[in-house]
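Visitor: I would like to learn how to read a few features of a protein model. Please start with a single residue.

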Amino acid sequence: MSREKVIIKRVERYDTTAIQDFVYKAIKTLDIEPKPRAFIKPNLVQATRYAEHAYTHPELLRAIFRALRESGAADRVLFEDCGLMVPMRYAYRKSGYARLCHEEWIRFLNLAEAVHDGTIKVQYGQIHEELPIPFIFAQDGIRVFVPKLKIHAQTDISGAVKLLIGLIKRSVRLHGHHYDLDRKIVDVLAAYPPDLVIIDGITLGRNGAGCPDPYPLGILIASRNAVAADALATHLVGFDPAKITHLRLAAERGLGPCDLKEIEIISEEKIEPLPLGAFNEPDINSLSPYIRYFEGQVHDGKRCLGGCIGFVAEAIYSINHYRAWRSQEKVNPSARFLFRLLDQEPHQERPRPLGVVVGDYKGDIPEELRANLIFVGDCARANGLKPRTHLKGCPVFMARIGFQSARNARLLNPYLDVMEGLPYHPCLYRRTIYARVEQGFPSFDEKELRRIG
Ligand code: SF4
């Protein structure tokens, strides 16, 4: 049986020419059938001034757009729907993608606003039997996945296999996003597998997927198969691919190999993996001196890593990253005035110990935390104690946990950042950003979709 090919190359910087050369050669080596259209899915989870490593680098996308054009795909469609409650149009502009699409003549399909007028069946789907998608995806084209490689609190690693969570319509995106997240990820991959994967591992994101800290990994990976590409990436950053649940499940469903013996690695140089355990997720209690975390039983003893547990870790990472950023940042006088009005200047912080409870916690909670408890999720309980705030939902999304935790612990709140918050405040967002993006850059709307269809 032929082994799945994965190409790997050391690339230290986002140099468009070098990356374009790599992608063009990868298309030839992997024997990607040329088509006149390409659908490109980046990883744009959010974009703010303090989260510049949270998304696929625009220069990498530029190189891919050019390589695809060279190989015959004149019509290139970038599509995405970001997470974390940031308006997609805002993330599109702040990430530099709007400018890039304008310069490279790329059409942008904003999935947050597109009409999902088609469906795809999920073969042997366990969480989703079918997924609503915009009709245009039914058309022929090369599917290109361009994930940003990150260490992830919910799945250990986030690469090409997890990338497609962004394809799911917002109304059903959180369905099964709990202890079943790994099966959900595999369902989506089964429904929409890629033709080409290029993993952005030039800088690895770690310490939270929402506002990651960069780590100079310096690699690019290409493959036709998402599971094989992720398995190699996972191995290189010090994990055992067989222990990454979504990769193992994907391999069991025949979506690709996660055993390195079944992968043909093509590389001009020897690339040593990082030591095993280099980026293992730390204990949530070690993440913040102000937030104590109490985890109880959830659903038949399963750990709800893909739900509230992972979201609590992500929320704490975001708060930490934001506080570190703001403590060094110089802001203009009017923004400083607004920050001060909201008690959001670093010197105004008066931290207060906070307890966060997930699941049915049976242990003791220290006396000093009982007056300042947040219960996260419908199933959260703690020996009959009454919380100060109970965030309901299954799961509770990370932004709600982040906002409430920062508020109750009196820490600087990333969700009260006037420099980011004001531009995407719903009124301003509609009148200014919408208008600017619409005027300058091509994007799909309902009429255009019908015309294409
Ligand atoms: S509410 Fe409970 S079961 Fe639901 S995601 Fe949260 S921890 Fe998991």
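Guide: Take Asp 31, which counts as exposed because it has 8 C-beta neighbours inside 10 Å. A residue is exposed if 12 or fewer other C-beta atoms, placed from the backbone, lie within 10 Å of its own, buried if 20 or more do, and partly exposed in between. This is a predicted model: local features need pLDDT of at least 70, side-chain atom pairs count only at pLDDT 80 or more, and totals for chains, interfaces and linings use all residues. Residues are numbered from 1 along each chain as its sequence is written.

Visitor: Where is Asp 31 placed?

Guide: Asp 31 sits in the loop between helix 1 (16-29) and strand 2 (37-42). Helices (H or I, at least four residues) and strands (E, at least two) are DSSP runs, numbered from the N terminus.

Visitor: What is phi like at Asp 31?

Guide: Most residues other than glycine have a negative phi. Asp 31 has a positive phi, near 60°. Asp 343 also has a positive phi near 60°, and its place is the loop between helix 10 (333-341) and strand 14 (354-361).

Visitor: Is Asp 343 buried, exposed or partly exposed, and why?

Guide: Asp 343 is partly exposed, because 13 other C-beta atoms lie within 10 Å.

Visitor: Which residues does a cis peptide bond join?

Guide: Most peptide bonds are trans. Here a cis bond joins Cys 394 and Pro 395, with omega about 0°. Pro 395 lies in the loop between strand 16 (389-391) and helix 11.
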